[in-house]
Amino acid sequence: MDGTRGSGDGPVTVHDVAVAAGVSRQTVSNVVNAPERVSPATRQRVRAAIDELGYQPNRAARALRAHASRLIGYRIRPNRPDALAAILDRFLHAFAEAARDLDHHLLLFAAAEADEVAACGRLLRGGAVDGFVLTDLDYRDRRPAAIAALGAPFASFGRTGDEFVWVDVDNAAGTERATEHLVAAGHRRIGYVGVPAGDRIGDDRESGWRTAMRRHDLDERLARHAADSIEAGMRAGGELLDAAEPPTAIVAATDVFAVGVLRAAGQRGLRVGPDLAVCGFDDTPTADVLGLTSVRQPVEEVARAMMAVLAPRLPGAPAELPPPPTTRLFVPDLVVRDSTS
């Protein structure tokens with residue numbers, strides 16, 4: 001039975017919503033099940049009527065009809081002690097909203113890294129989920145091929161190769177933009193603090209810095225590598241600042257590294273901005289509080305794009321939908337603050 005609150009003694013029905021919104025019952029059904037088929041104005045009017053009447057579709061009945069759970073699985077990662085409001089928090093919130101707009105929801109599950117694929121298989125076989133969303137993709141990541149072998153639809157936040165569906169941010173473009181910003185401000189000795197080679201995201205971010213440095217024939221030896229932590233960023237930044245010819249600006253591969261560099265500068269009596277320019281990456285809330293210039297990933301757009309490419313591949317998707325794109329690459333923005341003034 002549909003609905004939770006009736007007009008009179010009965011439950012609210014699709015007919016009640018259609019009358020209130022001045023549309024057909026099919027239009028109401030489309031708004032609930034395939035909102036991309038309805039114009040934004042009509043969709044807004046129908047949703048307003050749904051909210052006003054308190055209409056609740058019978059999810060269980062629809063799931064049985066479509067042979068779908070309308071749930072998308074995501075393995076949650078362990079918390080890092082020194083993480084600064086992880087970027088994935090923003091992504092998950094945005095993805096949950098994008099999924100909800102298409103009448104799907106996230107199912108969060110915990111599993112050891114080595115057991116993630118097996119856990120996905122158990123959820124899929126048990127009918128708990130229709131597909132998956134993957135993050136933290138790295139070189140030779142076995143998860144995309146393994147989950148594809150399960151027969152499960154999925155989309156990845158991170159490049160996986162053209163045979164799979166992915167959406168990503170151009171990390172190299174982000175650090176290149178940050179470096180060009182510093183060059184335009186007059187800096188010629190620009191250091192870099194990032195993770196050691198072998199990490200896909202880290203390698204991309206360093207390559208963006210190197211591309212800009214080569215474009216202006218600047219010294220690329222001003223790079224230091226360490227594990228991504230505030231303490232490591234402080235040590236790496238200190239090494240650069242204690243050099244015979246220290247940099248006047250530093251690009252950090254993460255805001256975590258950047259906070260470490262800020263501390264190293266403070267220990268040496270340097271004023272961030274006038275004496276040393278610092279750029280971070282990820283634009284965490286901490287960056288805003290500290291006045292740190294940082295590269296902002298458009299994770300809300302990434303999340304919506306991922307749901308858009310995943311939805312047509314899920315069970316119960318309208319067959320007449322056009323084939324979605326398999327890849328999307330977004331260019332990040334640079335948020336300029338006092339640390340590079």
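Mentor: Let us begin with the rings: the structure, which is a predicted model, holds four aromatic pairs.

Trainee: What makes the pair of Phe 91 and Phe 157 tilted?

Mentor: The ring centres of Phe 91 and Phe 157 lie 5.1 Å apart, and rings pair if their centres lie within 6.5 Å. Their planes stand at 40°; since planes under 30 degrees apart count as stacked and over 60 as edge-to-face, the pair is therefore tilted. Phe 91 belongs to helix α5 and Phe 157 to strand β4, so the pair ties together parts that are 66 residues apart in sequence. Both Phe 91 and Phe 157 are buried.

Trainee: Why is the pair of Tyr 192 and Trp 209 called stacked?

Mentor: The angle between the planes of Tyr 192 and Trp 209 is 25°, and stacked requires planes under 30 degrees apart. The centres of these two rings are 5.3 Å apart, which meets the limit of 6.5 Å for a pair. Tyr 192 lies in strand β6 and Trp 209 in helix α9, so this pair ties together parts that are 17 residues apart in sequence. Tyr 192 and Trp 209 are both buried.

Trainee: Which residues do ring pairs link into a cluster?

Mentor: The cluster consists of Phe 91, Phe 95 and Phe 157.

Trainee: Why is strand β1 called largely enclosed?

Mentor: Four of the five residues of β1 are buried, so the rest of the structure largely encloses this strand. Strand β1 also pairs with β2 in the parallel sense over five bridges, and Leu 71 stands opposite His 105 in β2. With β3, strand β1 forms a parallel pairing over two bridges; there, Ile 72 has Gly 131 as its bridge partner.

Trainee: What makes Thr 179 count as buried?

Mentor: Its relative accessibility is 0%, and buried means under 20%; Thr 179 therefore qualifies. Thr 179 is located in helix α8, and a polar atom of its side chain lies 2.8 Å from the backbone oxygen of Thr 175.

Trainee: Is Asp 217 buried or exposed, and what is the reason?

Mentor: Asp 217 has a relative accessible area of 71%. Exposed means over 50%, so Asp 217 is exposed. This residue lies in the loop between α9 and β7, and its phi is positive, near 55°.

Trainee: How do you know that Asp 283 is buried?

Mentor: The relative accessible area of Asp 283 is 8%, which falls under the 20% limit, so Asp 283 is buried. Asp 283 lies in the loop between β9 and α12, with a positive phi near 45°.

How values were computed
Residues are numbered from 1 along each chain as its sequence is written. This is a predicted model: local features need pLDDT of at least 70, side-chain atom pairs count only at pLDDT 80 or more; totals for chains, interfaces and linings use all residues. Side-chain values use heavy atoms; hydrogens and water are left out. Buried means under 20% relative accessible area, exposed over 50%, partly exposed in between (1.4 Å probe, protein chains only). A polar contact is a pair of N or O atoms within 3.5 Å; within protein, one must be able to donate a hydrogen and the other to accept it, and residues adjacent in sequence count only if both atoms are side-chain atoms. Two strands pair if DSSP finds at least two bridges between them. Rings of Phe, Tyr and Trp (its six-membered ring) pair if their centres lie within 6.5 Å; planes under 30 degrees apart count as stacked, over 60 as edge-to-face and the rest as tilted.
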